[in-house]
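Take a look at the chain below. Keep the sequence and the 3D view side by side as you read.

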Amino acid sequence: MAKASTAPAGDTHELSGVVIGWEHRAFAGNIDLTVQSTTKSHPSPGEVDKHHLLMTRNQALLLAHYLLRLTGHQPPAPRRRGLLARLFG
C-alpha cells in the first residue's frame, strides 16, 4: 500500500490502477523506480500518474524474486566464469 503525497498527515490513501510503464535508475546506491499507472482504458497524457519509489538494492532484489515466483519463472542461472577469470581472478 502506498501513501499519497496529497493525503493529510496520518491519513493513508490506497492507490490502484493499471501499470502502463516503468523505468529505473541508480540513485545514491539505491534504486529509483518510476511507475506509470492509470485507471482509464485509453488515457490521455494528463491522466497518467507517475509514482517514484526509492528502494534499496536488497528490496529491489526481493521484489524481483517475488515477481519471478508469482509468474512461475525461475531466476536466470549464474554464468560460469571463463577460464582466464578462474585462473587469474
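This briefing goes from the whole chain down to single residues.

The model is predicted. Its chain has a mean pLDDT of 85. There are two helices and three strands. Read from the N terminus, the order is β-β-β-α-α.

**The chain as a whole**

- A pLDDT of 70 or more is reached by 90% of the residues.
- The chain has 89 residues, and 12% of them are buried.
- Its accessible surface is about 7,900 Å². Carbon and sulfur atoms account for 58% of that surface.
- Take the contacts between residues at least 6 apart in sequence: 15% of these join residues at least 24 apart.

**The nonpolar core**

- Which residues form the largest nonpolar core? The five are Ile31, Leu33, Val35, Met55 and Ala60.
- Strand β2 gives the most to this core, with three residues.
- As a general pattern, nonpolar side chains tend to be buried together in soluble globular proteins.
- Val35 is one member of the core. Beyond its neighbours within four places in sequence, Val35 contacts Val19, Gly21, Trp22, Asp49, Lys50, His51 and Leu53.

- Thr34 sits in strand β2. Is Thr34 buried or exposed? Its relative accessible area is 4%, which is under the 20% cut-off, so Thr34 counts as buried.
- The side chain of Thr34 makes a polar contact with the side chain of His52, at 3.0 Å.
- Setting aside neighbours within four places in sequence, Thr34 is in contact with Gly21, Trp22, Glu23, Lys50, His51 and His52.
- Asp32 also belongs to strand β2. Asp32 has a relative accessible area of 8%, so this residue is buried too.
- What does Asp32 touch, not counting residues up to four places away in sequence? The list is Glu23, His24, Arg25, Phe27, His52, Leu53 and Leu54.

- Ala28 is placed in the loop between β1 (18-27) and β2.
- Ala28 has a positive phi of about 55°, although this residue is not a glycine.
- In general, most residues other than glycine have a negative phi.
- Ala28 has a relative accessible area of 72%. That is over 50%, so Ala28 is exposed.

**Helix α1 and what follows**

- Helix α1 covers residues 57-71, which makes 15 residues.
- How far apart are the end C-alpha atoms of helix α1? They are 21 Å apart.
- Just after α1 comes Gly72, with a positive phi of about 85°.
- His65 lies within helix α1. Its relative accessibility is 32%, so His65 counts as partly exposed.
- His65 and Pro75 are ten residues apart in sequence. In space, their C-alpha atoms are 7.2 Å apart.

Conventions:
Residues numbered from 1 in each chain as written. Predicted model: local features only at pLDDT ≥ 70, side-chain atom pairs only at ≥ 80, totals over all residues. Heavy atoms only, no water. pLDDT = per-residue confidence, 0-100. Helix = DSSP H or I, 4+ residues; strand = E, 2+ residues; numbered from the N terminus. Buried < 20%, exposed > 50% of the residue type's maximum accessible area, 1.4 Å probe, protein only. Contact = heavy atoms within 4.5 Å. Areas by Shrake-Rupley, 256 points an atom, 1.4 Å probe, with all protein chains shown as cover. Core = buried A, V, L, I, M, F, W, Y, C linked by side-chain atoms within 4.5 Å. Polar contact = N/O pair within 3.5 Å; in protein donor to acceptor, adjacent residues only side chain to side chain. Expected span 1.5 Å × (residues − 1).
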